[in-house]
Amino acid sequence: MAGEGASDEIVQRIAAEYDLDKPLLTQFFLSLRRMFQGDFGQSIHTWRPVSEDLKNFFPATMELALVAMALSVGLGCLLGVFSAVYRGKPFDMLATGFSVFWLAMPQFWLGIILQIILCLVLFRLMPLGGWIDSLLEFQSVTGLYILDSFITGNWAALGSSLRHIILPAFTLGITTVGLFSRLTRTSLLNTLQEDYVRTARAVGHREAGVIWRAFRNAFITIVTIMGMQFGFLLGGTVAVETVFDFPGLGLYAAQSALTADYPAIIALTLLFGVIRMLFNLLTDISYFVLDPRIRQ
Amino acid sequence: MQTFQLLVRNRLGMVGAVLLVLILLVGVLAPWIAPYPEDGYRTVHLERMLRPPSVKHWLGTDDMGRDLLSRIIFGARLSLMIGVVSIAFSATFGVLMGLIAGYVGGWIDEVIMRLADIFMSVPNVILGMAIAVALKPGLRNVIIAVALVFWPATSRIMRGQVLSIREKEYVESGRAIGASSWRIMRVHIVPNSITVILVHATIQIGWAILLSATLSFVGVGVQAPLPEWGLITSTGRKFMLIAWWYATFPGLAIVLTVIAFNLVGDALRDILDPRLRGGYGRGG
């Protein structure tokens, strides 16, 4: 850290600054205390306080993960409903086959393939990477670009941020589409065999309405898996953000790993763990909202 | 034997098994079937850099002029080795931990299971990356990192197995005639849980290959010039604009291998342990 050929005085000063001159156990408890105070030290590769870096990169990852989750659940539910309705037909089998395929796909590879196809072959249909067009005039309020462009009514920025986020979000979310589609399919098929569904059909409710009601019941299971899969999505941001140069925590994590930036890596590991636990908690709370039986 | 017959009848499982045998054969026979065996590792042919796929080089050449097909063939050895060895370690350690936690119980159970919870609360890629960086990137440390990421899941399954088997009547009678704890674990509990653990491990090998490829892609895994698939994809990405084949084919190799392990694992699970059916998540 002091560089080669540093004088003893400098080495000692740095050792004192990072508490390296104290016994190992004392060092551990000192750094633990600092972490509880939100001080994760200084990043070795950005030379900024790690907590500041985390604050800067957090919104991009959240926006990406939320859009990816929305895409994944939306597509998954749609496929699942159609698979249940056309059970055993070619569509159903194709959807099942694809879910095996998506699940086995390395996200970094899918990202590259999409870049090659959509950005290079198809006349630069999509931007290769980034979060928003850097030449655009744009005022960020919350740090979430899509939300900000809505609030400020900056439609050019909205278009640009949507165009930038769609490929990374698709890459991140597609691996779990199969999971949601099979879940929807199974719970819908179970619900459609219930007596009340037969009654609803018998009294002449329209088929679309019947399926919608059955789907609403299946949604509680989907919410559970959504909460659990959010952690998985977060892990995926490392590869996806690296491929698409998306300036979030994932890219920051990859760069920290390459530069052996221990303060940043320790903070990131903790942060990802905490986010994951928070989402598990949110999932538990959401049961109360979604399922009236638990509330009683 | 009966298992084998059932596997033959399970169509998807059979597809996976054939694919898996092919990949294994490719890995084992690499020096003999690779069209340019010397390209597997450290060679440079400046005269044929970044050539597109052709009759001479089926999958094209890389930025060092090496035959991509040969490198992918040699990469099969590496990826399979990383997957199998790391899961062998993680399964052994996980079984041991689960066995102790389930059998001894009490505060030891609490400590082991909470430790597993801590490991599982961090997304796999982040945890793997943190461990790989702490140990310094390289082949051996990737294996250790992957093994450390996957042991908690095995230990939980093993603990569940122990808790259910130890209540069985034959274990009870064993204990009644004075069998030691060691004997009960060795003769009753481990042999009766081995099928479940094996099925779980088969699926995990696929995920381990995927994780190690991701670590190599990010740059904290296997280092050049080893022909690791994730690493080749990562280098190929730099030449994406002028050589589409470079990043495409090694990635395809990863997809096929992971699919093969998943299909075989799913089929084995359906045949050997129908109770486990329905788990599709890749796991955080």
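Colleague: Great. Is B:Val15 buried, exposed or partly exposed, and why?

Modeller: B:Val15 is partly exposed, because 15 other C-beta atoms lie within 10 Å of its own, whereas a residue needs 20 or more to be buried and 12 or fewer to be exposed. Do keep in mind that this is a predicted model.

Colleague: Noted. Which element holds B:Val15?

Modeller: B:Val15 sits in helix H2 of chain B, which covers residues 11–28.

Colleague: And how far apart are B:Val15 and B:Leu272 in sequence and in space?

Modeller: In sequence they are 257 residues apart, and in space 18 Å, going from C-alpha to C-alpha.

Colleague: Let's zoom out. How many helices and strands does chain B have?

Modeller: Chain B has 11 helices and zero strands. Its C-alpha trace spans about 75 × 45 × 30 Å along the principal axes. Of the 284 residues in chain B, 49% are buried.

Colleague: What about the contacts in chain B, how many join residues at least 24 apart?

Modeller: If you take the contacts in chain B between residues at least 6 apart in sequence, 70% join residues at least 24 apart.

Colleague: Now the core. Which residues touch the most other members of the largest nonpolar core?

Modeller: That core has 141 residues, and B:Ile126, B:Met129 and B:Val146 touch the most other members. Helix H9 of chain B, residues 181–218, gives the largest share of this core, with 16 residues.

Colleague: Pick B:Val146, then. What does B:Val146 touch?

Modeller: Leaving aside residues up to four places away in sequence, B:Val146 touches B:Ile82, B:Ser86, B:Gly128, B:Ala208, B:Leu211 and B:Ser212.

Colleague: Changing topic: how many residues of chain A are in contact with chain B?

Modeller: There are 37 residues of chain A in contact with 35 residues of chain B. On the side of chain A that touches chain B, the largest share, eight residues, comes from H9(A). That side divides into 26 nonpolar, nine polar and two charged residues.

Colleague: And within chain A, how do H4(A) and H7(A) pack?

Modeller: Their axes are 7 Å apart, at an angle of about 140 degrees, and H4(A) passes H7(A) in a left-handed crossing.

Colleague: Which residues meet there?

Modeller: From H4(A) you have A:Ala95, A:Phe98, A:Ser99, A:Trp102 and A:Leu103, and they meet A:Ile174, A:Thr175, A:Val177, A:Gly178, A:Ser181 and A:Arg182 in H7(A). Six residues of this contact are nonpolar, four are polar and one is charged.

Colleague: Last topic, confidence. Where is it lowest and highest in chain A?

Modeller: In chain A the lowest is helix H12 (residues 292–295), at a mean pLDDT of 71, and the highest is helix H10 (residues 249–258), at 92. Chain A averages 84, and 96% of its residues score at least 70.

Colleague: And chain B, where is confidence lowest and highest?

Modeller: The mean pLDDT of chain B is 88, with 95% of the residues reaching 70 or more. Among its helices, H1 (residues 2–9) is lowest at a mean of 73, and H4 (residues 68–104) is highest at 94. Over residues 278–284 of chain B the pLDDT is below 50, and this stretch has 18 contacts in the model beyond near neighbours in sequence.

Colleague: What ipTM and pTM does the predictor give the complex?

Modeller: The complex gets an ipTM of 0.87 and a pTM of 0.88.

Terms used
Residues numbered from 1 in each chain as written. Chains lettered and ligands numbered in written order. Predicted model: local features only at pLDDT ≥ 70, side-chain atom pairs only at ≥ 80, totals over all residues. Core = buried A, V, L, I, M, F, W, Y, C linked by C-beta atoms within 7 Å. Helix = DSSP H or I, 4+ residues; strand = E, 2+ residues; numbered from the N terminus. Contact = placed C-beta atoms within 7 Å. pLDDT = per-residue confidence, 0-100. Nonpolar A, V, L, I, M, F, W, Y, C, P; charged D, E, K, R; others polar. Axes fitted to C-alpha atoms, helices over the stretch in contact; angles between N-to-C directions. Left-handed = near helix turned anticlockwise from the far one by under 90°.
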